[in-house]
Amino acid sequence: MADPMRIRASMAGDKVEVRVLMSHEMETGLRKDAKGAVVPAHFIQNVTVTHAGKTVLSAQWGTSISKNPFMHFRFKGGKPGEKVTISWVDNKGERRTDEVVISGG
Amino acid sequence: MLALAAAAGLVRPGEAFAQQWNKAAFETKSVADTLKALGGSGSTESAQIQITAPDIAENGAVVPITIESGIARTQTIAILIEKNPNTLSANFEIPEGTDPFVTTRVKMAETSNIYAVVRADGKYFHAAKEIKVTLGGCGG
């Protein structure tokens with residue numbers, strides 16, 4: 001089980017500013033270990049961010065997103081105290097969902 | 001699992017968006033092929049797309065990239081790295097109400113052009129920026 005995401009969601013004017021740091025190896029499948037064996041690809045493929053039942057951002061990722069992925073974006077319509085939920089699924093079917101409460105500016 | 005459900009007609013394409021992953025697009029090895037796999041037949045260069053990234057990346061394993069589109073009705077923002085083993089790095093869907101702006105961190109194998117490809121109102125636009133990489137970040 002992957003470690004929890006670290007998420008910050010705070011008001012910036014009338015928008016919610018979201019920053020998330022995920023814990024994931026993001027193996028490309030091109031790297032070799034010390035014995036010369038190829039390390040199989042293991043990476044997040046889908047990310048979905050929802051607020052109040054609506055998707056506010058979704059993404060498809062390849063292997064070239066850096067290890068422990070970071071993402072920053074903004075959306076309208078959120079208020080302090082409401083929740084932002086982020087989910088990811090990787091190429092092995094492992095998944096993780098975390099949520100955070102929007103803080104005031 | 002999803003493929004099975006799709007084959008059985010239980011899930012129609014588009015219904016289970018969060019689970020979709022455009023394998024063909026992520027396997028492409030050139031900017032032109034990626035654009036095609038994303039559904040574009042051509043793309044117009046646009047000064048309304050801003051790429052903010054370092055000119056020189058000392059560590060290719062972690063290169064911060066910010067893309068902001070000033071094009072009305074921006075629907076998707078894709079990040080392409082021309083000289084990586086696979087060109088497409090990420091494709092973000094921007095629903096209405098979300099700023100056409102995203103920051104992430106990518107791996108770069110070597111010095112390369114980065115392309116930001118924006119789909120807006122069904123049309124494709126792009127901007128490019130060269131990033132010099134001192135130490136590649138895909139092999140190790």
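How many residues lie between β5(B) and β6(B) in the hairpin that they form? Six residues lie between these two strands, where strands (E, at least two residues) are DSSP runs numbered from the N terminus. This is a predicted model, in which local features need pLDDT of at least 70, side-chain atom pairs count only at pLDDT 80 or more, and totals for chains, interfaces and linings use all residues. Residues are numbered from 1 along each chain as its sequence is written, and chains are lettered from A in the order in which they are written.

The pairings below rest on at least two DSSP bridges between two strands.

| Strands | Sense | Bridges |
|---|---|---|
| β5(B), residues 74-81, and β8(B), residues 112-120 | antiparallel | seven bridges |
| β5(B) and β6(B), residues 88-93 | antiparallel | five bridges |
| β4(A), residues 54-61, and β6(B) | antiparallel | four bridges |

Within these pairings, L80(B) has Y115(B) as its bridge partner in β8(B), while E93(B) in β6(B) stands opposite T76(B) and is also the bridge partner of S58(A).

Seven of the eight residues of β5(B) are buried, that is, 20 or more other C-beta atoms, placed from the backbone, lie within 10 Å of their own. I77(B) touches, among others, I67(B), F92(B) and A116(B), not counting residues up to four places away in sequence; contact requires C-beta atoms, placed from the backbone, within 7 Å.

Between the chains, 33 residues of chain B are in contact with 29 residues of chain A. To the side of chain B that touches chain A, β6 and β7 (101-106) of chain B each supply at least two residues.

How values were computed. Buried ≥ 20, exposed ≤ 12 C-beta atoms within 10 Å, placed from the backbone. Contact = placed C-beta atoms within 7 Å.
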